[in-house]
Every structure is written in structure tokens, then in C-alpha cells.
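Dear colleague,

I am handing over the structure we spoke about, and I would be grateful if you could look through it alongside the notes that follow. The sequence and the coordinates come first, and the findings come after them.

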There are 2 protein chains.
Amino acid sequence: MEKVKIIFQPSGRRGEVKKGISIIEASRQLGVDIEALCGEKKVCGKCKVRIEEGRFEKFGIVSSPANVSPWQEEEEKFINEAQKKEGYRLGCCARLEGDALVFVPEESRAGKQVVSKAAREIHIEHNPAVRLYYVEMTPPAFDDPTGDFERLTEALEAAHGLSGLVMDFHALRALPNTLREGKWKVTVSVWMDREIIRVRPGKTENAFGIAIDIGTTTVAGYFCNLSTMEVLDTQSLMNPQCKYGEDVMSRITYHMMNPGGLERMSNDIIEGLNTIMRQAVASTHPPRKKVKKKDDGETAEEWVEVPEEGKEYLRLATEDIEDVTIVCNTAMHHILLQLDPEHVGLAPFPPVIHQGLDLKGRDLGLDMNRGAYVHVLPNEAGFVGADNVGVLIAEEPYKGEEIQLIIDIGTNGELVLGNKDKLISSSCATGPALEGAQLTFGMRAAPGAIERIKIDPKTHEVDYKVIGRDSWKSYSKPEEMKTKGICGSGILDVLAELYRAGVVLKSGRFNPRQKSDRYRKNPDNNQPEFVIAWAEETSIGKDVVIAQKDIRQIQLAKGALYCGCKLMMRRMNVEKLDKVKIAGAFGTHVDREKALIMGLFPDCEIERIVSVGNAAGDGARAALLNREKRAEANWVARNVEYIELTVEEDFQQQFMEAMQIPHMKDEFPHLKGIVPDDILNQ
Amino acid sequence: MEKVKIIFQPSGRRGEVKKGISIIEASRQLGVDIEALCGEKKVCGKCKVRIEEGRFEKFGIVSSPANVSPWQEEEEKFINEAQKKEGYRLGCCARLEGDALVFVPEESRAGKQVVSKAAREIHIEHNPAVRLYYVEMTPPAFDDPTGDFERLTEALEAAHGLSGLVMDFHALRALPNTLREGKWKVTVSVWMDREIIRVRPGKTENAFGIAIDIGTTTVAGYFCNLSTMEVLDTQSLMNPQCKYGEDVMSRITYHMMNPGGLERMSNDIIEGLNTIMRQAVASTHPPRKKVKKKDDGETAEEWVEVPEEGKEYLRLATEDIEDVTIVCNTAMHHILLQLDPEHVGLAPFPPVIHQGLDLKGRDLGLDMNRGAYVHVLPNEAGFVGADNVGVLIAEEPYKGEEIQLIIDIGTNGELVLGNKDKLISSSCATGPALEGAQLTFGMRAAPGAIERIKIDPKTHEVDYKVIGRDSWKSYSKPEEMKTKGICGSGILDVLAELYRAGVVLKSGRFNPRQKSDRYRKNPDNNQPEFVIAWAEETSIGKDVVIAQKDIRQIQLAKGALYCGCKLMMRRMNVEKLDKVKIAGAFGTHVDREKALIMGLFPDCEIERIVSVGNAAGDGARAALLNREKRAEANWVARNVEYIELTVEEDFQQQFMEAMQIPHMKDEFPHLKGIVPDDILNQ
């Protein structure tokens, strides 16, 4: 196998890799983070890198743009002639044919995502799947040589009326010594009144579990005391699968193109879940710090615990995690369980399974109690997964009279509409634009990302705020901003603000009458664009702009969502929404007014538009603490009618209309007084 | 870690081992088989070896008896002064303190056991736990995007009335591609009408399973077609745990003395089961032979299949094994499943579990279908295990009026007595004497072992037959016999023959009136002994004898069994046995007449004494092919009353009486005419 040497700058990471692999693949092997939003489908253009020309004695290599595979047509779109001459290439297109020194520009570096998914107060009835039972037994004797398991189950039946119990194999292995250690007094963890999963000596009051929400981008875990329902800790991290592509389709593609890819992605998310579980139990120990200690005259360092005064610590281990519930979309569900996700990505998108699954955590390789189960909530359909089921069992729209519209915007938009009489669901291809992909300066919610924008209607001057800095631009020196791009919430703002300020028209085109030099034509492609941040305010050395094509992308996304809502309302014969609930991190950041202005969803009283936070995670928590919610989830998953909207006769026309901003003034009575009349009447 | 060099002769095996380990442990590490019947409890004396004195240039070592740990008191019993001077030691006592060349005498070498456990014709109703169902489905469409699992289970419900099915995780992983490969026509393996464990494309008629009997010494597997009930193949091998000790107590001791010992013994038996499974499926392929082939002028060897003409081969793989049932005694059961066997070996001997267990084969590390289950039959009590339950469900004494006595003689004697009204069971400590251990020349049923003996009542001349040679001694030249010792069936013969010929009295003592020079006093210990084979007929260069103390050992064993039977009959108020069934390999070899002569069990019509072969294995097969037998086994295991005989008030007296040969003449009316009256009336 022939090898080549590669060095990445500015990180300095280097190593030998197999000849012929792509620069993106090499970056992955060497642990260099390069943005690859589209999953190497050569359509996002985010993985731009520069191949240096020259002899690098220090590393013993000669690098040249000629050392990588020939230029591809797909690169034209993202790399102009000048850049091409400098050695710029897309990391997904260029394959290593010889040694190379590769420079990764700031804009192409994947930053660490800022994740915020806190647990919300919701009402949950206490009925966990794992319950504790304390029993006392008499020891075996010549006239009573009954075996340990039968002795235990007879005692459980006598004291607690439990019958027909079976026992996990690993719990059984520990049984004889636990019974004797506890002097025939033990606490038994019973799953679903059916199976003994753990036996501990003596009397114990507490058991613990984790509710997990695996998002395409972020993973959150809520560590709960199953006995008191208290949330002890919340942990979150980026989905480690992001390196295989930003959206579900990219990951499905990765599986289809790479033998072993499914297992690799599955192992990565399992390792992520293990990290969450280990961090969750670590949070029950005192913090530690390193101290110098003198030993025989030698100075050494060691870690010591620094408990807070008066604080009790539970000091749990991962074997104390006795139950786990998981919600995620159908593709994440399939990848997690190594169920082939190929068909979920192909019409008519059938999942491998709808029904909720009970699996032994050990079968998945999870670092938790060996006898314990994981419950994965059911999928509604190929594009409406267990995460949506989680939202539904948390929000319970099927229990009231009100017509609710529940929107969960991720890379895909998931919509549920209805009340106790009927619920329908659908998904719409919002695409990744609302999360930053495919926009010239779109990025994830990481430091340097613009999250709030205001445009002065008179001067068209822009003020904005970036993640990682509390002060708005107008209160900062330009060089303090270190702006890098625009993330989801900033993207929502930008279109509404551009429209409210009159910079763009309701068609989405730039208004020919402009007031500032922020509006210009891009010299490379002659496309109109509007500068949000000047180069001096950025860390990437160039102006951050919104181009005409970016606005089109946003319009496509919001149009898909709006059109989806309208078609569902028509199906249900619903004229007016009683409530709009926005779930997900997106919901937490959305400015309700601006969402109405840009026509993200049909009109509703502003006070009745609410963000329900991470409702999917809340659903997972409800299922963790109340086993009835699992049955309810299975019922919901099979009783929400999934509707494929793209097959509606007038779908295309509805979609085109929905792309306008806002769709029609009389459809938005609640916008009156918010948007100037002259603009509303455009 | 300090190391020493060790060389075993005559095998020539050598290597470096950790200083301080015993010679037995070193032999195990280097793959040298030394007999260790007692499991290193220093009581059997079978592991005698000689440490050589001298400088062995060829191996670069200096060996000396001084290089091993000091002489121990326990060795006195087995090694006389002369042998001690030659450097003889017990391998279990002598620990390596320096380099050593160790000679293993022929008599200490463990031979390969001759195993014979064929499947018997018994009536079994066809109702296997794993059944096949063929279904056809319509593929998913836009108006029917139901998931694969739900599509399959709906079809199974419609076509076969199966409802509420769940699916094994690994089977689910294979589902989407199997459905599409089979063009939505598949054959489904369903376990207990409850769980889908496998899906195969197209229509298939056959499924396969193995019934396994794990004996303390031998393991047998019956490979069956679950659809036709045909036994396709029988496989057997020695229990690989024999190296940890011959009987169950030795292995329990090994576990208690060696950290990790339980896991090691478990892994060894699992590997043994995997060997059986791989050989079973290999038997469905044509035999192969090595042929020379010419390739570009070079001659190479390769394996080619040599199918028998006209024969069809199933060509199965281990994934085609979709069900396994296992019977074994309680200690083997616990060791297999890594359940602590310590308490099974301590009064009042409670097992960890009685109830039958359903486990995924993969959880045990078995090389079979990944979704499939293993069913381990239930234990009756600490000393009456699942193997006895197997015997019961095969023989069904609880279904008839006849009072049956079922005897299963292994290292332990297991007894069941009763009929449809009541069944009681017990175990008696026959000890390993009947299997050859603890006798001066006792050995396993391996080549060179005496298996049949006749003694002429007039001359006291001895004729015998050894395993591995068809001709009796009287038809052979002495040097052709290559006798090594006496195995189980020979031991039964010897006492009956010695008694019938008048060589020993009913008390078990040698008759003072002897007719041949075979009777003598041993010069070393002045104990009387009787020569069975002269040195010239043996491969060990010395006379094979039965000593007075050997006869005592046999009496202890047969007395325990006889006394057990009598006490059980007293408990049940039974005067007369309608039938005696002898199970196990022992039963196959037992000479009914001689068994009655030596008083192995109470009197019964000779025609009504039957050998039922490996009834335990038959029970495993019945449970494999008829799931009702599993429920029946659980019922039997809890409804046979286990009786501890040693706590009976007059146990000691009964036991002493039972040691006589035969117990009392009027108790054996069926012996009249078989044994000369003058002997019977002694």
C-alpha cells in the first residue's frame, strides 16, 4: 500500500496516509476538523483548502498543487480563477497523489458548537420502568435447600405481589454473593414488573437513569433520579457523526458509499453516549484538582478531591445507570442501531421499524448497568422520527380541543397539526439553509457566528451580535467582533430585517432603491449582495455578505415550511391555528415577530406562538420516568397520520407562492402595526 | 516475574513458566496431559512424575529434584522410599523453584477417552420452540410507507395468526436487505411464537438445532433437523474441564482456589460446545482430501471435496443452528453459566437457580445463529441437576403406575424413585471409585483399560479384555495386551467375579483359602492383593492388581448406592421395584447379573433391569423438538421431592450393612441359580 505525507496548517498536524484518499478523509484520520456540511457530496463548498507550492525542509516534503488529483467541474462553483491559481481546492474533490502541505483557511475550520439544551419543567407522573423492591429472606437450611433465585422471587411475591419474574443473566451471576453479602436482605431493581436486572445488598432508596435526545447536530442527556424524578445533571455534546456530514442525507450517503461506514458512525455515536453517561455520573463526585506533593524529598503531582463544604455527593458509577430512553430522528435511530438507513432515504421512505424497542444496553456497547435496558422510542415515518414522537408525548396535542401546530425545525422540518380528534404529521425539505449550510457565510452556532441582526430602515446601517461576545457591534471596536459567519437564528433575523428595512422586496429580490454602500455587485459573479459585516470586523479577513442566492436559499426553506403548514391545514379543513409551538433549539432562539414577518408559518396571535424548547428531550424524560408514556408513544406513532405533501396536485404552485415574504398581507392580520404599511402593501 | 525452564519427557514439550507454579500447572500450560483425577487435592496420587538429576546440555538446563519445593506429607501415601530416592514426586505438590526435566511415566499420562453416546429411538411429539413461517408481502409504496418490521408482522398475523411478535436485534439488522433480496417473500424463524430470530429470503423448509448433554467427563451433541426431527449427526468429546479435576468437587475447589478459575473453566466448555457445533455442521458437507496439483509446472497441495455419488449435502453453517438445549449436572450448569458454584458444594447445597433458562447463545459466546436462544434445563437440587431432569422427561416415570427406580451413575449417583403418584430423588456419594479414580490401577475408559474380567472359580485363573483390542487375553500373546489399568465396567466385573469365584468373602475381605499365586501380600505395605494382569501383559512394566483397599473403595461406592436405594424405598413405603433403569454410559456397559451379584441396587427381575443409555441426552433432544417438554421439565424439577439421605437416623448402620456383597441372600431371590449356593449362603 503506497503512502504519502500530509501536513495540515495552521494546526501543524501531520502524518502518513494512504495514497489516493481525499484531503477530507486525510483530515479525519489526522484529527483535523474541516467543515463538510454536505457530507462530501461536493455541493456545499465549505471544505475549501489551499495546497501550498514549495519545498518544506522541516518536514522533508515537496508540496505542490500538482500532487493532488485533477480539477473537477464541481469545484468551479466555489473557487474562482484567482483562488484556483493560488492552489485552492475543495477537500472532498482533491485526492492525494503525492506529498502535500495543506492550509485550512479560518472559514473552513469546523468550530466547536455552542450547545444549549436545558431540561424544562413539565408535568410527569411517577411510574418508572425500573422500580426498587426491598426484601428479607431466611437463609437456606437442610429442610429448605431452595435455590437462590427461587428464594428471592418467592420473597418478592410474598412481600410485593410480584409474580412470574425472570432475571437478567448478568444479574443472576452476581446473585449468590450479593445475597450472602447482604445477609439475605437485598434491594432488587425490577424492570417493567417483569425482569430482575440488578440486586444490591441491604436497603437502597435510589435508582438512576438517563433520557437522551440524539439530534443530527447535538446530543443531550438528562440524568435523573428515577425515584425522586429530580434532574441531577444535563450533559450535551456535538453529535460525533458530524464529521461524516452535517445532515441526515449526507450520513446516509456516507453509509452507502463506504463499506463499514454504518458501523463506524454507530460506534461514534455510542462512544458519544458513553461520554455523556460517564460525565453524568462524574457530576455526582466532588471536583478534583491537581496538587504538588512531597514524597521522600521528591516532588510529585496528584489529583485530590475538593468537596464543597456541607455538600453530600452521591458518588455514582456507570453501573448505577439502570434505565435509558432515547429519542432521535429516523435516520439517527437507524444509524445508532446499525439498521440499514438506505431505504429511509429513498421514496417511499419506509423505516426498518416503527415500534419502540427494548434492548439490553450491553448489546449496544453502552457503559451502563450490564443487566439494564435501553428503550428507543418509536418512529412515525421515514422523515418523522422518534424525536417527533418525543415532542408529541411531551406536548400531548391529542389530549385537548385546541388546534395546535407543532413545528420542529432541524435540517428537516417536522410538522404536526391537530387536536384530540385527529393528528396529522408531515415533513418538509427545509434543507440546511436555516442552519447555515449552503449560504455563502452560513455556519453552525459556534463562536464568531452572527446570531442577532438589526437593520436601520432609514440608513440601512447594520448592527449585530456574535456568539461568544456579549456586546453588540455598535458597542464594540471592529477588531473585537471576530465575526466568522451567520448561524441559524441570525439567518432568520436577516431576511425579516432586510425586508422590514426595505432592502429586499416581498419577491425576495433586492430593492433597486438602496441607501448604503453595503449593497453592491460581487466582482466575481456580478451577483448583488449586501454586506453584514465588514472585513475589519471579521477573523476571516473578508466581508461577510448575504448574496441574492443566499436569500433564495432562505426563501426555499421558509417556503417549504409555510407551504407544508398551509397544505396540512387544508387537509384538516382548518382555517385558523389556536396555537403554534416551536420545538428545538431553533425555537428557543426564534424571534416570533420576525418569524411572522418572513412568513415562516401561517398567522397566529403572537402571544399564542410559544417555544417549547427541547420538547423531544422532554418526551424522552417523560418516557424514562413514566412507563405509560412508552405505550402512549407507540400508540401515537401509529395513530398520527403521515401525509406526503409533495404528491398534492397543486404542490408546486403552493410552494412558489409560499416563497414570497410575507405570503399575503391579509393572511397576516397580526403583522399590522409591526411592519410599516407601505412595506406590507408592496 | 521470575521464570524457570521446564522440559517434559517423553513428549519433549518444553518452555518457560512462572517460577513457583506446580508441575501440573506447568504441564497444563505446555499442553502435556498428566492425570489429575482429584483436581490437585493431593488425594488420588495419579500425577506421579520423576524429576531427573543431571545437566542437559541439549536444552541448556541443569535439573535436580532439589529444584522443586520440599517433600509434602501427602506424598508419603503414594510414593515409597525407593521411588522417593529416584526423584518421584506428585505433580500437584512439587512446585518449580528452578529448571527441571520431568519424566511422566506411562501410568500418569492421561489417555484420550473413548466416548460412546449414540442417540436412542424415543417417542417425541413434534412441537419445536423454533418454527418456520413463509410469508409474502406487497412492497412499500407512497400510499403504504409502513416500515419493514410492521409490514412483516402484519403479514405474519394475516397468514399465520401470530400476534404481538417482537424481533431479535441482530435479526432486525438483517431485515431490510433480506426482504428486498427475497423480493418481499421470506421464511421467518419464530421462537416460542413470540420472537422473530431470523429471516431468510424465499421459501425454506428446514431449521436445525442441537441437544447437548454436558457430562462431568464427556460432552455429547445431537444435531437435529427441527422440522423432520431427524438426528443428522452425533458429536462427542471429552469435557475440556477434565484438566481441572475429574469430579465436580475438584472443579468447584479449582474455582475457589484460583481467581479467574470459574471464567477459565466456563470458556473451556464453551469452546468445547463450539467444537461440537462446528463439527456437526461440517458433517453436512462432503468429506475433503488433500490432492497434489500442478500449476505452472510447480507442484502444490490443495483440499478438494470428495462427494459421495448421488448423495445430497445440506452444506450448513453454524448460523443455521437456531436452537440449542442443554442438560448437565448442577455444578456443570453453574460453571457453564459462570454462576458461583461454591454454595452448591456446601451444605445445604442450594443452587443459584432451579428454573430453566432461556439465554441468547451470543451472550454465552456460542458459535450459532446470533438471534437464537439456548435453553438450559432446570436443576432439581444441588446434587440432582438438569441432567437428571433430562432423564425424567425422557423416561416419564411420573406418567405410569409402575414403581420405577432410575439410577444415573456418574461420579455421583443420582436416584429417582416413584410413579405417577409421587417421585422422590436423592444423590449418594458413590465417589469416583466406580469410574476408576482412587483405585491403585483405576483409569478412565481409554485404550489399555480392562473393561471385562472373568475369574475361573476352580483355578482362580483370570481372563480379561482391554479397550482397543478385540481379543481376550486367553487368545493373545502377553505382550499384545499392553494393559494399563482397570476402567469402570471392569471394576464392576472384578468385584462380582472375585466374589463368585470365592476369592473374596461377602464381607469384602480376601478369602483365607486361596488357589493361585495371584493372591499375595504386597511387600511394601504388607497388604493382601490379587493380580489381574502380570507385568509382562502390561505397558507399564508392573503387575496390575486389585488390593484390599481397592475392594473397600468399590464397596464404599456400591454401598452408598445400595443404601440410597433402600432408604428411598423405605421413605416411599415400597417393598418391590417394578423396574430398574440404568442411565448413562455406565448403564450401557453394566452386566445386569454382575450388578445384582455385587449388590449395586436392590433386587429386581433381571429382565426388568434395563439400560436406557444416555437418557439425559434424550431428554435434551425431547426438549429441543417439543417445547412442552421444557414446561414439563420445570414442573418436574419442582415436584420431585429431593431427600437428603445422610440425615436419616440409621444412615450409618444401613450404609455399613449395604457394603456387604451381596447384602442378604433373601433380598436377592433373583440371584438363585446364578451364584453357587455355597457362596450365596456364606
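**Salt bridges**

In chain A, a network of salt bridges links R452(A), D493(A), E497(A), R500(A), E593(A) and K594(A). Please keep in mind throughout that this is a predicted model. Over all chains, the count of salt bridges comes to 89, and a few individual pairs are described below.

In chain B, E593(B) forms a salt bridge with R500(B), with 3.2 Å between the closest N and O atoms. Because E593(B) lies in helix α14 (residues 592-597) of chain B and R500(B) in helix α11 (residues 488-500) of chain B, this pair ties together parts that are 93 residues apart in sequence. The two partners fall into separate accessibility classes, since E593(B) is partly exposed with a relative accessible area of 31%, whereas R500(B), with 19%, is buried.

A further pair in chain B joins R198(B) to D320(B), the closest N and O atoms being 2.9 Å apart.

Back in chain A, E271(A) forms a salt bridge with R278(A), where the closest N and O atoms are 3.2 Å apart. Here E271(A) is partly exposed, with a relative accessible area of 39%, and R278(A) is partly exposed as well, at 37%.

**Surface and interior**

A negative surface patch is formed by E73(A), E74(A), E76(A) and E81(A). Of these residues, E76(A) sits in the loop between β5 (61-63) and α2 (81-86) of chain A, and its relative accessibility of 44% makes it partly exposed.

Among the buried residues of α15(B) are D618(B) and R621(B), together with L624(B) and L625(B).

**Overall form of chain A**

Chain A has 18 helices and 31 strands, and 60% of its 682 residues count as buried. Its C-alpha trace spans about 100 × 70 × 50 Å along the principal axes. The radius of gyration of chain A is 28 Å, which agrees with the value near 26 Å that a compact globule of 682 residues would have.

Conventions
Residues are numbered from 1 along each chain as its sequence is written. Chains are lettered from A and ligands numbered from 1 in the order in which they are written. This is a predicted model: local features need pLDDT of at least 70, side-chain atom pairs count only at pLDDT 80 or more; totals for chains, interfaces and linings use all residues. Side-chain values use heavy atoms; hydrogens and water are left out. Patches are made of residues with over 30% relative accessible area and no salt bridge: like charges are joined within 9 Å, nonpolar side chains (Val, Leu, Ile, Met, Phe, Trp, Tyr) within 5 Å. Accessible areas come from the Shrake-Rupley method with a 1.4 Å probe; for residues, only the protein chains shown count as cover. A salt bridge is a side-chain nitrogen of Lys or Arg within 4 Å of a carboxyl oxygen of Asp or Glu. Lys and Arg count as positive and Asp and Glu as negative; His and the chain ends are not counted. The place of a charge is taken as NZ of Lys, CZ of Arg, CG of Asp or CD of Glu. Helices (H or I, at least four residues) and strands (E, at least two) are DSSP runs, numbered from the N terminus. Buried means under 20% relative accessible area, exposed over 50%, partly exposed in between (1.4 Å probe, protein chains only). The radius of gyration is taken over C-alpha atoms; the globule rule is 2.2 Å times the number of residues to the power 0.38.
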